[in-house]
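Please walk through this structure with attention to how particular side chains are placed relative to one another. The account below takes a few of them in turn.

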Amino acid sequence: MMRQYELVERVKRYNPSTDEALLNRAYVYAMMAHGNQKRASGDLFFGHPLEVAAILTDLKLDDATIAAAVLHDTVEDTQATLEEINKSFGPQIGALVDGLTKIKRLDLVSKRAAQGENFRKLLLAIADDVRVLLVKLADRLHNMRTLQFMPPEKRQRIAEETLDIYAPLAGRMGIQEMREELEDLSFHNLDPEAYEAISRHLHEVTTKSEKLVDEIERTLTAKLHAQGIEATVTGRQKRPYSIWRKMERKSVSFEQLSDIFGFRVIVGTVDECYRALGVVHTSWPMIPGRYKDYISTPKGNDYRSLHTTVIGPSRQRVELQIRTVAMDEVAEYGVAAHALYKEGVNDNSRLAVESRAYQWLRRTIDLLAEGDNPEEFLEHTKLELFHDQVFCFTPKARLIALPRGATPIDFAYAVHTDVGNTAVGCKINGRMSPLLTELQNGDEVEIIRAEGQTPPAAWESLVVTGKARASIRRATRAAVRQQYTGLGTQILERAFERAKRAYSHEKLKGALPRLARLSIEDVLAAVGRGEMFSGDVVRAVYPDYKEERRAGLLDGSMASQPAARPDGAGETVTEGIPIRGLSDNLTVRFAPEGGAVPGDRIVGILTPGEGVTIYPIQSASLADFDNEPDRWIDVRWDFEAEPQRYPARIKLQSINEPGSLAQITQVIADHEGNIDNITMKRRTQDFTDVTIDLGVWDLKHLNAIIAELRAKRTISRVDRVTG
Ligand code: MN
């Protein structure tokens, strides 16, 4: 176990003005508090906080962080109290220990299902001070190093959580060494066989290619030196987990993996980075597409470096990272490399200014405050943790970092929720472009806005950032729900009237348990969406109610049209339209200009003397009948009927360039859709509006066509039109 003076020595090595007395007090306090407690390994517990502190001294962190690491388990696991810590060590260390205690309590109750919620609380607990996260990561690292003493099922859960959350967080904070060790330890626990196999292979390769690594190091150092560049070149073997991921991603075997080694070239200045790159590229052939300049556009965690891959001596692929000493420090220590704490500055706002990694953390925490579903949140955050980023700019040169694959819609929401909600178009690098363009590094994006817009619900599935998705969902959910609730109210009032029973909110409230819904609004919305039948609601309120409906009877306003009521006609179709819930002597037709297709939720509107018109429930025309609930009829598709084609209408916005129309028709043809009619109208110099009437089998068919059209670069938007 580390002695008191050893801990002080470790800190003194990088911080000569360390507060020795503080460290000594923390050491003694924690030692007394933990007393004779033992860990699962049988070792004295006190060894654990000391190891955690030691990990943090490798990151060269400030006294408060080291002291907090030594004290991190005292409040939760011993008689020590937070008041005592506050009194003895001051409010700053007290706040750190408090954050760590909260996280520890999360760990104790952590279950797979609760993971999202836990992660959310974890981030909130560290929101005040990023140092809480650094101690927590070191704590997890030491626990992972000693995981073999835990029972197997606990081991599995802790390893999964580490791989899902802590390793990516360490990476996101820029502490790559720690991320890699966490990944390897998790991998070892979760899949010991694969881990052993890869390690064995790696060992063989290392033994065989020791000479090769030496040779590359020597050759490259000499070549750089000849150009007047002093550089340190080190070869490094990849880690088992990163090799495993690569094998999984590219589904290749170990033998097929060519780049097991990476080389780091550390030079003095930025200028020398580019010159060194020149030397590398003129000495060996480079592999196209592998060169990345993270110096001019750093990664979201402030990582800066040049990456390239060349065919080295012995015809073997060699990966190279070229960077300065300062960049290398950030690459290894991430957030911790921002020397603020080391200078004894404890102002978080300065860290926020300097470190992108911390900005990311802040953004993620902001998102938490808005999020409504912890699991969704976890999923988005995980996605964002793993994504590489693209960096784009506003016209005023504000930098907006987005995950790769992000669109201008994501960009708009990243600027501000209001900008996203009112976005109608965009210019990328000064040119009008579709809102669905995938943004590239360095793009300048100008969002064109129109006030009073609500974002189309379809955007939700087209954006990649959690923030955009959550905002779109919020904006559309409210509007849609209101619409369905209104519709549900009308359908229900009509149904009760038909049943000659009184409807009241009070009565419906009493029936909620029977309907398995939590509120009246839920019921109304469910009926409006067609998820619940009005008759079922009537029966839930009046269990004695027997519906007088027989097969083939008109379910709806036919009560007021006795002449049209047939008896025992069976469930039939009218004019080949397979709709249930109607009598067979009613004329049925689809709404003009884009009707319903099977799979749509539908409503029939009765026009006395004319028949019934079928509308998809999202149809805007239905608003015209809002005040005539008597005309609304429950109908549904007869899925046993013969398949046939139905007319649907879509509207596209296409970019004016040769071949764009051909692309559209090709997509429809590929999906065996029938084009009945196309009309085109040039809208601006850049865009043409295209309206297409087509025949499709059902909603799935239609959606497949729309989805593929949306994926085309020359098509900026596709919407279905319903009459
Ligand atoms: Mn601990």
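This is a predicted model: local features need pLDDT of at least 70, side-chain atom pairs count only at pLDDT 80 or more; totals for chains, interfaces and linings use all residues.

Ring pairs extend the picture, linking Phe187 and Tyr195 with Tyr241 and Trp244 into a cluster.

Another edge-to-face pair is formed by Tyr294 and Tyr303, so classed because the ring centres lie 6.1 Å apart with the planes at 70°; both Tyr294 and Tyr303 are buried. The count of aromatic pairs in the model comes to 10.

Aromatic rings also meet charged groups here. The charged end of Lys223 is placed over the ring of Trp284, at 5.9 Å from the ring centre, while Arg501 lies over the face of Tyr542, 5.3 Å from the centre of that ring.

Turning to the metal site, the manganese ion is coordinated by NE2 of His48, NE2 of His72, and OD atoms of Asp73 and Asp139, at 2.2 to 2.4 Å. Along the sequence, these donor residues follow the spacing H-x23-H-D-x65-D. Asp73 lies in the loop between α4 (63-71) and α5 (74-77), whereas Asp139 belongs to helix α8 (residues 130-145), so the pair ties together parts that are 66 residues apart in sequence. Both Asp73 and Asp139 are buried.

Terms used:
Residues are numbered from 1 along each chain as its sequence is written. Side-chain values use heavy atoms; hydrogens and water are left out. Rings of Phe, Tyr and Trp (its six-membered ring) pair if their centres lie within 6.5 Å; planes under 30 degrees apart count as stacked, over 60 as edge-to-face and the rest as tilted. Buried means under 20% relative accessible area, exposed over 50%, partly exposed in between (1.4 Å probe, protein chains only). A charge sits over a ring if NZ of Lys or CZ of Arg is within 6 Å of the ring centre and within 35 degrees of the ring normal. Donors are N, O and S atoms within 2.8 Å of the metal (3.2 Å for Na, K and Ca); water is not among the atoms, so sites may look incomplete. Helices (H or I, at least four residues) and strands (E, at least two) are DSSP runs, numbered from the N terminus.
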